[in-house]
Amino acid sequence: MIKLLAMDMDGTLLNKHREISWGNLKALRDAHAKGVKLAIASGRAFLILAVKCVKLTWRRI
């Protein structure tokens, strides 16, 4: 059973327009609904990550 999904933003989670694609968003929401914890590993500043995470409806930590 997968308990944690950690991903990078650029080139992994975001598309060429620097947006989270519908397919990625659906997959992350489905995983979260199944109890998988989601984490972002990035060199980006926290506030930039927070804006992207709001689109995923993640809680701020």
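This is a predicted model: local features need pLDDT of at least 70, side-chain atom pairs count only at pLDDT 80 or more; totals for chains, interfaces and linings use all residues.

Colleague: How are D30 and K26 placed in helix 2?

Modeller: They are separated by about one helical turn, because they stand 4 residues apart in helix 2. Helices (H or I, at least four residues) and strands (E, at least two) are DSSP runs, numbered from the N terminus.

Colleague: What makes D30 partly exposed?

Modeller: Buried means under 20% relative accessible area, exposed over 50%, and partly exposed in between (1.4 Å probe, protein chains only). D30 has a relative accessible area of 35%, and therefore counts as partly exposed. K26, at 42%, is likewise partly exposed.

Colleague: How do you know whether L13 is buried or exposed?

Modeller: L13, which is found in helix 1, has a relative accessible area of 4%. That value is under 20%, so L13 is buried. Not counting residues up to four places away in sequence, L13 touches M7, D8, E19, I20, S21, N24 and L28; a contact means heavy atoms within 4.5 Å.

Colleague: Why is the group containing L13 called a nonpolar core?

Modeller: A nonpolar core is a set of buried Ala, Val, Leu, Ile, Met, Phe, Trp, Tyr and Cys residues joined through side-chain atoms within 4.5 Å. The largest such core has 11 residues in all, among them L13, M7, I20 and L28. Helix 1 (9–13) and helix 2 (22–33) each supply at least two of its residues, and the largest share, 3 residues, comes from helix 2. In soluble globular proteins, nonpolar side chains tend to be buried together.

Colleague: What makes helix 3 stand out in confidence?

Modeller: The predictor's confidence in each residue, from 0 to 100, is called pLDDT. Helix 3 (residues 46–55) has the lowest mean pLDDT among the elements, 72, whereas strand 1 (residues 4–7) has the highest, 91. The protein averages 80.

Colleague: Which conventions apply throughout?

Modeller: Residues are numbered from 1 along each chain as its sequence is written, and side-chain values use heavy atoms, with hydrogens and water left out. Local features need pLDDT of at least 70 and side-chain atom pairs count only at pLDDT 80 or more, while totals for chains, interfaces and linings use all residues.
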